[in-house]
Amino acid sequence: MKKVILTVCLVLAMATLTACAETSQEVADTVVDMNDKVSDAETLLGDYKETMGNVDLMGENAMEGNATAPVQTNNTSVDDFVFEYKGIRISPDMNTNEFLADLGEPLHYYEVKSCAFEGMDKIYTYTSFEISTYPNGANDLVSSIYFKDDTVTTEEGAYLGMAKADVLALYGSNYTESAGAYVYSKGGMELHFIFDGETLASIEYVTTVLDE
Amino acid sequence: MSETKKVRRKRAVAVIIGLLVILAVLALLQRLVMPKYMGEVKEGALISEYYDEDKDFDVIFIGDCEVYENFVPATLWENYGINSYIRGSAQQLIWQSYYLMEETLQYEKPDVIVFNVLSLQYNEPQKEAYNRMTIDGMRWSTSKVECIQASMLESENFIEYVFPLLRYHDRWSELEPEDFQYLLGAEKVGHNGYYMQVGVVPVDYIPEGKILGDYSFGENAWSYLDKMVALCEENDVELVLIKAPSLYPEWYEEWDAQVEEYAAEHNLKYINFLEYTEEIGLDYSTDTYDAGLHLNLYGAVKLTDYFGAWLAEECELQDRRDEEALAEVWEVKLEDFYTQKEELEALKEEE
């Protein structure tokens with residue numbers, strides 16, 4: 001009996017000392033420091049390195065910005081969904097420092113303090129679209145880009161009011177349906193289309209980082 | 001007694017003492033590395049505070065931040081003699097509300113349970129960090145076990161709720177002074193579950209709600225509301241549904257219509273306070289501390305006063321201010337309440 005009790009205690013102690021550090025770190029970050037974006041930052045750093053690797057591979061022209069899409073500016077990659085507005089390229093999880101100044105003053109700005117987490121989610125509303133961000137340390141990264149009218153299009157050409165058949169012709173059938181939205185996934189981000197009957201009613205680029 | 005028996009007995013005692021020491025050290029370590037919620041994020045400490053109460057409440061509020069930031073039990077007592085408590089927590093999901101309700105009913109039978117319906121929008125678990133802020137503070141019971149099972153994400157393990165040390169052990173490198181300061185006990189955060197805020201950030205813009213592909217609440221969410229209704233009926237408790245007057249996030253008309261229909265079908269009272277902001281006297285240029293997400297103390301007092309009158313009349317709650325023992329308890333609570341109000345206002349002045 002003594003051996004059994006001792007074994008249980010030792011197992012408990014061992015488990016405590018050897019439990020998965022990585023997952024535990026995630027919770028420590030999210031719950032304790034209320035900075036649950038630390039691991040996201042690592043992911044993003046990885047994505048960034050990968051992106052820079054891709055850029056390197058694209059060669060000198062790409063580095064000089066001579067090439068056209070799908071070569072990306074900033075830290076977007078060919079594997080990202082990209083929204084382009086007046087030559088400014090924006091993707092989910094991009095640091096707002098890279099494009100905010102170029103976009104000019106938003107019509108509206110709104111800060112949303114989470115129920116519990118430190119930092120602010122921010123919403124920048126422009127005439128034709130809305131950019132939402134989430135905090136990541138000292139930076140703000142894009143959580144979503146939401147279209148507000150039909151004067152802007154996705155990089156592939158979708159716009160609000162477009163016929164459903166045309167959207168599907170552009171993007172194909174490799175989508176999943178979630179909460180009434182057609183969801184296309186690429187590079188750790190999603191492009192959501194919502195249809196009102198046969199017409200495109202909503203377009204939104206969304207990060208998947210916050211789902212993790 | 002033979003020499004062998006004496007040796008065996010000594011060994012047994014040594015083993016038992018050794019085991020007790022190991023368990024005590026592990027328990028202490030667990031307590032040390034677990035979050036105390038005494039820093040900037042205090043909301044995680046609210047749930048556990050209920051257990052220290054006398055549990056003789058007329059009204060229990062259950063729900064997310066829209067209850068613990070918008071309703072003030074002190075006002076219900078001062079103005080209407082209603083003894084109330086808020087069992088609220090950050091992003092409390094509806095199944096967590098149900099299990100908190102179930103647990104609460106093991107302790108007491110209030111006249112009314114008030115549930116804020118915003119969480120109907122979530123049909124599945126969201127974030128472990130939020131789960132922890134609700135569940136870690138619950139005492140062990142079948143309700144807690146079932147709450148964990150209903151709340152866990154795929155990445156979570158039940159054993160880590162049983163032994164939080166397994167989850168938090170590598171906070172070793174990040175321990176802060178508060179972890180040692182509150183090792184043996186935390187400071188009280190709530191006032192009967194109300195989390196006081198006195199800042200003022202006026203509303204000058206609210207983002208429009210995004211178009212949704214499906215405005216229907218999920219089956220899982222509905223099923224827990226059904227269970228709440230059944231549980232309240234079994235316990236002869238009146239369930240009142242509310243939507244707090246928070247301007248953001250969007251409370252869609254389609255959502256409101258579903259709740260109204262459900263309430264009518266189940267003979268429940270439902271108040272969407274967003275429709276009564278003028279009657280309540282809310283001024284979103286002065287009564288919110290975060291631009292419309294939650295009310296500050298001044299707005300919350302207005303809302304609570306309005307709701308108190310409604311509760312007294314519609315639910316026929318008695319004024320208990322003439323109960324000497326209860327009045328004495330509230331005298332102490334009100335002193336704490338106004339002391340913190342003064343302290344927070346003084347801090348605000350300094351800023």
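How many other C-beta atoms lie within 10 Å of that of Ala179(A), and is Ala179(A) buried, exposed or partly exposed? The count is 14, and Ala179(A) is partly exposed. The structure is a predicted model.

## Residues with positive phi

Ala179(A) is not a glycine, yet has a positive phi of about 50 degrees. In chain A, Ala179(A) belongs to the loop that links β7 (176–178) with β8 (181–186). Its class follows from the cut-offs: a residue is buried at 20 or more other C-beta atoms within 10 Å and exposed at 12 or fewer, so Ala179(A), with 14, is partly exposed.

In chain B, Glu316(B) also is not a glycine and has a positive phi of about 50 degrees. The loop that holds Glu316(B) runs between α14 (297–314) and α15 (324–350) of chain B. Glu316(B) has 10 C-beta neighbours inside 10 Å and therefore counts as exposed. As background, most residues other than glycine have a negative phi, and most peptide bonds are trans.

## Strand β4 of chain B and its partners

Strand β4 of chain B covers residues 238–243, and five of its six residues are buried. One partner is strand β3 (residues 112–116) of chain B, which runs parallel to β4(B) and is joined to it by five bridges. In this pairing, Asn116(B) lies opposite Ile242(B) of β4(B).

Another partner is strand β5 (residues 269–272) of chain B; β4(B) and β5(B) are parallel and share four bridges. Val240(B) has Lys269(B) of β5(B) as its bridge partner. Between β4(B) and β5(B) the chain passes through helix α12 (residues 253–265) of chain B, giving a right-handed β-α-β crossover.

The peptide bond between Tyr248(B) and Pro249(B) is cis, with omega about 0 degrees. Pro249(B) sits in the loop between β4 and α12 of chain B, and α12(B) is the helix of the right-handed crossover from β4(B) to β5(B).

## Packing of helices α5 and α11 of chain B

Helix α5 (residues 94–107) and helix α11 (residues 219–234) of chain B pack with their axes 9 Å apart, at an angle of about 15 degrees. Angles under 35 degrees count as roughly parallel, so α5(B) is roughly parallel to α11(B). The crossing of α5(B) and α11(B) is left-handed.

On the α5(B) side, the residues in contact are Ile94(B), Trp95(B), Tyr98(B), Met101(B), Glu102(B) and Leu105(B). They meet Ala221(B), Tyr224(B), Leu225(B), Lys227(B), Met228(B) and Leu231(B) of α11(B).

Note on methods:
Residues are numbered from 1 along each chain as its sequence is written. Chains are lettered from A and ligands numbered from 1 in the order in which they are written. This is a predicted model: local features need pLDDT of at least 70, side-chain atom pairs count only at pLDDT 80 or more; totals for chains, interfaces and linings use all residues. Helices (H or I, at least four residues) and strands (E, at least two) are DSSP runs, numbered from the N terminus. Two strands pair if DSSP finds at least two bridges between them. A crossover is right-handed if, with the strands pointing away from the viewer, the path from the first strand over the helix to the second runs clockwise. Axes are lines fitted to C-alpha atoms, for helices over the stretch in contact, and angles run from 0 to 180 degrees between N-to-C directions. Angles under 35 degrees count as roughly parallel, over 145 as roughly antiparallel, 65 to 115 as roughly perpendicular and the rest as oblique. A crossing is left-handed if the near helix is turned anticlockwise from the far one by less than a right angle, and right-handed if clockwise. Two residues are in contact if their C-beta atoms, placed from the backbone, lie within 7 Å.
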